[in-house]
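Work through the exercises below with the sequence and the structure at hand. Try each task before reading its solution.

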Amino acid sequence: MRFFRILLYHFFHKSNVFNLSVLFGYPLLIVIVACSLHADFPITLPTYISVGIIMATVIVLPNFLIQYRKNEFIYRLKATIMNIYWIIATICLFFLFIVVLITIWMFLWAMIFPQQRMLVKTINWGIFILGILLTTAMGIAIGFCAGGIFKSNSVSLIIMFSMFLIPLYLGGVTIPLDIIYNKAPWLFYLTLAIPFKYPVSILQLAWGGDINGMKVISSTGHLINVGFPNIWIGIIVSLAISGLLIFLGIKFFRLR
């Protein structure tokens, strides 16, 4: 718990403007813009929440690990009686806490818009929380891999931001899913090779989607098939990929 408080102090008290703007400024901007532009029907807010989660774990987490490895903060911790796995688990728990803050932040701002409040009664909260946890787990796993591999913040930001753009464009945020499905079906099924496709789809299903039919609401208001037959496939694939990546991430993190 003491280490968690140290992380909290270092992250918010000594954090740079970039981290805070990425975590809270950009998600707020996309929620307000998206909700304002789509005033005729409820947009899929989970898609935009997933953007905030991915930014926190794939962009900010590696930057956080590299920064504190440079000033030997991590090394001093490893020199204490604290177990390396306990350090890693606490960092993961801390970023889960950050994700919860981002989710609440975006949710509250979205509730200003009447069309978003219409869908609250349709939310499957169990599936919604599961989607949050799976998306966060995958993001943290990727973040630890990047934080262990890269030595430079600038290199990490360039590469990880490029990875962030893939789910941004093909996950239904920039280009509606039904347009991808109707205009380029091959590209739609190619998205099944994107790791974040599975946990984000589960997150989207919980928000007014058809869980039995495995259909989510696109940003144009139409129901579109997620591309895999049942929710268990999404859960298993998400856990398998996250497990493999977190294993590699811990190995890279320890070697550094």
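**Exercise 1.** Find how many disulfides the structure holds, and decide whether Cys-92 and Cys-145 are buried or exposed.

Solution. Step 1: this is a predicted model, and it holds zero disulfides. Step 2: a residue counts as buried when its relative accessible area is under 20%. Step 3: Cys-92 has a relative accessible area of 18%, so it is buried. Step 4: Cys-145, at 9% relative accessibility, is therefore buried too.

**Exercise 2.** State where confidence is lowest and where it is highest in the chain.

Solution. Step 1: take the chain as a whole; its mean pLDDT is 77, and 79% of its residues reach 70 or more. Step 2: turn to the helices. The lowest confidence is in helix 4 (residues 73–78), with a mean of 60, while helix 7 (residues 125–149) has the highest, at 89. Where pLDDT is low, the predicted coordinates should not be read in detail.

**Exercise 3.** Explain why helix 11 is described as largely enclosed by the rest of the structure.

Solution. Step 1: helix 11 spans residues 197–205. Step 2: check its residues; the buried ones include Tyr-198, Val-200, Ile-202 and Leu-203. Step 3: nine of the nine residues are buried, so helix 11 is largely enclosed by the rest of the structure.

**Exercise 4.** Which residues does Ser-50 contact, leaving aside its neighbours within four places in sequence?

Solution. Step 1: locate Ser-50 in helix 3 (residues 45–70). Step 2: its relative accessible area is 3%, so Ser-50 is buried. Step 3: with those neighbours left aside, Ser-50 is in contact with Val-200 and Leu-203. Step 4: both Val-200 and Leu-203 are among the buried residues of helix 11.

Technical notes:
Residues numbered from 1 in each chain as written. Predicted model: local features only at pLDDT ≥ 70, side-chain atom pairs only at ≥ 80, totals over all residues. Heavy atoms only, no water. Buried < 20%, exposed > 50% of the residue type's maximum accessible area, 1.4 Å probe, protein only. Helix = DSSP H or I, 4+ residues; strand = E, 2+ residues; numbered from the N terminus. Contact = heavy atoms within 4.5 Å. pLDDT = per-residue confidence, 0-100. Disulfide = S-S within 2.5 Å.
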